[in-house]
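I record what I looked up, in order.

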Amino acid sequence: MIPVFSPAIGEEEIQAVIACLRRGEISGSFGQSIHEFERKFADYLGCKHAVAVNSGTAALHLAVDALEIRAGDEVLMSSSTNIATALAAYHHGAISVPVDSENDTWNLNLDLIESLITPKTRAIIPVHILGHPVDMDKLMVIADKHNLAVIEDCAESHGASVRGRMTGTYGKLNCFSFYANKVITTGEGGMVTTNDDTLAEKIKLLRNLAFIEPRFKHERAGYNFRMPALQAAMGVAQMGKIETIIADKRKLAARYNEALGNIKDLQLATEQSWARNVYWMYGVVVNEDFPLSRDRLCHYLKESGIETRTFFCPMNQQPLLRRQPGFREVHCPVADRLWERGFYLPSGTDLTNDQIKFIASKIREASMRAS
Ligand SMILES: *Cc1c(COP(=O)(O)O)cnc(C)c1O
């Protein structure tokens, strides 16, 4: 089976973790590798602070908590996203308000935001889906006009940029994931980035049980969301190859574009002129006139030894959120369609040219057999 993803782990990561063990740096409370990873990550993005945590979900949770978003508040977010985005609001009693997607980048449609704002709206969480950035320059104008906090969900967009500026440097607090299949990985892990000194301190406080002086007296409900030093050591090694990984992913996308280009009624991943897409995963959408459904096509590919994965179930369709008192029914026909017709192809950086050609030939074969 050609897997949808395989992490780029080499001797550097193995040696870094071993060295960390030899130094006795095993916890998330001490260890030079945590600071080193945070510093390297912040410098890479060009932002002031990066605070390492133990997952992307924890990063989002802390961002919402630190901005004091609470029960009854509304948070606008990309409808097409991982449930973790909405859970960050949910666990604080806040309402997720889904914003429908646009057709070409599959990111949230900025033209819809203003019509969804109410007096309860506190924040916007744009998700840079599959590695294509949201037009953050435009989004910040809308957010500033309405005095809304922005939390970027960058779980899929490490290194993606907007007119040369990195995702994860626009919002008040921004969240990355280093889960096993993300652009760079620490197995499990996350990062909160910010240019705000006070918020950076607050995130560090909340990450570590909100310890204050005198020790063991607590004013706030914190969490243990610390990233273990072993993970951070792996992260440092991954930072050394992030640009190589992104270059490989961009090459992969170019090869897919070429191999799939002449297949009718198959919409391919794009890159806007102002954007740098890191193609976390290479997505495609099966148009209505394609001779077989997305599910039948994916089944055909599976039988041929090719693993695929569907796009996310949009937040407007989540049973969990729809049961929440105060949830607003927002129609998201584009996100619904992406859920029904979108999927991503194997996107590991070790994928060979021949494998890409094989995958394209199988999609073409499925289409021809069905028509
Ligand atoms: C992966 C992902 C997350 C969650 O990150 P974890 O590290 O798995 O907790 C959140 N948002 C998006 C868009 C993701 O893709």
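**Entry 1: Helix H10**

I looked up the buried residues of helix H10 (residues 294-303) and found Arg294, Leu297, Cys298, Tyr300 and Leu301. Seen down the helix axis, these buried residues fall within an arc of 155°, so they line one face of H10. The arc is taken from the directions from the helix axis to the C-beta atoms. Buried means under 20% relative accessible area, exposed over 50%, and partly exposed in between, with a 1.4 Å probe and protein chains only. Helices (H or I, at least four residues) and strands (E, at least two) are DSSP runs, numbered from the N terminus.

I note that the model is predicted: local features need pLDDT of at least 70, side-chain atom pairs count only at pLDDT 80 or more, and totals for chains, interfaces and linings use all residues. Residues are numbered from 1 along each chain as its sequence is written, and side-chain values use heavy atoms, with hydrogens and water left out.

On the face turned away from the buried side, I found the exposed residues Asp295, Arg296, Lys302 and Glu303. The cover over the buried residues of H10 includes strand E12 (282-286) and helix H13 (353-370). After H10 comes glycine 305, with a positive phi near 85°.

**Entry 2: Lysine 362**

I located lysine 362 in helix H13. Lysine 362 counts as buried because its relative accessibility is 17%. Leaving out residues up to four places away in sequence, lysine 362 touches Tyr300, Leu301, Ser304 and Ile306; contact means heavy atoms within 4.5 Å.
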